[in-house]
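User: Please take me through one part of this model in close detail, and then place it in its surroundings. I would like each term spelled out as you go.

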Amino acid sequence: LLLNGNNMKKLLITQVVGISLIFANNGLLLKTIKENIHLDEGWKKIEQFENGVSVLTKELPNIPIKAVKISQNIDIDSEIIAEVIEDVPNYSNFLKSASAMDANLLSKNKNGLFGHQHLDLKYVKDRHYAFNMFRPNGNSNRVDWELIPEDTFNKIEGSNQVNKKGVYIDIGFGSWLVENLENGGTKISYRLVMHPGGNVPNFAV
């Protein structure tokens with residue numbers, strides 16, 4: 001979530017080219033992801049950009065999809081960042097390549113929100129997914145989201161008004177974390193694990 005169209009395409013393609021996964025228990029898989037994705041050990045840096053953005057990956061127990069972490073030092077208040085992340089209807093106003101993505105807010109309450117995104121992809125079938133976004137324990141410096149099953153999504157009011165073309169993805173978890181630095185700045189990191197659903201052919205790389 002909040003990845004621009006090109007970055008999401010790269011994740012969908014590079015994470016699982018050449019493998020096909022069937023998980024019998026998505027609840028157990030999600031539990032494993034949550035227990036490991038915020039642990040500091042195991043992350044390996046694979047790229048460092050001039051603008052300070054670092055890209056790292058991590059192998060998770062019994063899951064053949066690597067977790068991805070993107071981090072950067074910035075100077076923005078954590079509450080402002082959280083509000084931007086939760087502003088689902090306006091994703092298209094500030095995300096690059098937003099023309100490839102359609103984002104919709106389905107419902108919102110004091111505990112979080114439900115949203116839906118549709119990705120218009122080249123070379124492979126479109127993908128779409130619904131997610132529950134929330135702040136764990138009311139945390140002001142962390143925003144998590146997790147994908148929800150398709151049958152749960154279809155029961156949410158407004159779900160019949162969004163673009164459902166393509167493959168539905170129901171295995172995924174992401175977390176935004178903002179940490180205060182000793183120099184007064186802040187560090188923002190985004191951790192993500194997502195199975196793209198369906199098959200991704202080699203020629204799409």
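Analyst: Let me start with a term we will need throughout: a residue is buried when its relative accessible area is under 20%, exposed when it is over 50%, and partly exposed in between, using a 1.4 Å probe and protein chains only. This is a predicted model, in which local features need pLDDT of at least 70 and side-chain atom pairs count only at pLDDT 80 or more, while totals for chains, interfaces and linings use all residues. Residues are numbered from 1 along each chain as its sequence is written, and side-chain values use heavy atoms, with hydrogens and water left out.

Gly 42 is partly exposed, at 46% relative accessible area. Its place is the loop from helix H2 (26-37) to strand E1 (44-48); helices (H or I, at least four residues) and strands (E, at least two) are DSSP runs, numbered from the N terminus. Beyond neighbours within four places in sequence, Gly 42 contacts Thr 57 and Lys 58, where contact means heavy atoms within 4.5 Å. Between Gly 42 and Lys 58 there are 5.7 Å from C-alpha to C-alpha, although they stand 16 residues apart in sequence.

Running over residues 142-147, E7 is mostly covered, with five of its six residues buried. E7 pairs with strand E6 (residues 127-134) through four bridges in an antiparallel arrangement; two strands pair if DSSP finds at least two bridges between them. E7 is also joined to strand E9 (residues 172-180), again antiparallel, by five bridges.

Glu 146 is buried, at a relative accessible area of 16%, whereas Lys 34 is partly exposed at 36%. The side chains of these two, Glu 146 and Lys 34, form a salt bridge with an N to O distance of 2.7 Å. Because Glu 146 belongs to strand E7 and Lys 34 to helix H2, this pair ties together parts that are 112 residues apart in sequence. A salt bridge here is a side-chain nitrogen of Lys or Arg within 4 Å of a carboxyl oxygen of Asp or Glu, and the count by this rule is five.

The loop between E6 and E7 brings in another pair. Glu 79 and Arg 135 meet through their side chains at 3.0 Å, N to O, in a salt bridge. Glu 79 sits in helix H3 (residues 78-85) and Arg 135 in that loop, so parts 56 residues apart in sequence are tied together. Glu 79 is partly exposed at 27%, as is Arg 135 at 22%. Salt bridges with shared partners link Glu 79, Glu 86 and Arg 135 in one network.

Next, the nonpolar surroundings. A nonpolar core is a set of buried Ala, Val, Leu, Ile, Met, Phe, Trp, Tyr and Cys residues joined through side-chain atoms within 4.5 Å. The largest has 24 residues, and Tyr 129, Phe 131, Met 133, Trp 145, Leu 147 and Met 194 touch the most other members. Among the elements that each supply at least two residues to this core are E6, E7 and E9, while E10 gives the most, with four. A separate second core of 13 residues includes Phe 173, along with Trp 43, Leu 60 and Val 193.

Finally, a word on confidence. The pLDDT, the predictor's confidence in each residue from 0 to 100, averages 80 over the protein chain, and 80% of the residues score at least 70. Helix H1 (residues 5-14) has the lowest mean, 45, and E1 the highest, 95. Residues 1-5 have a pLDDT below 50, and that stretch makes 24 contacts in the model beyond near neighbours in sequence.
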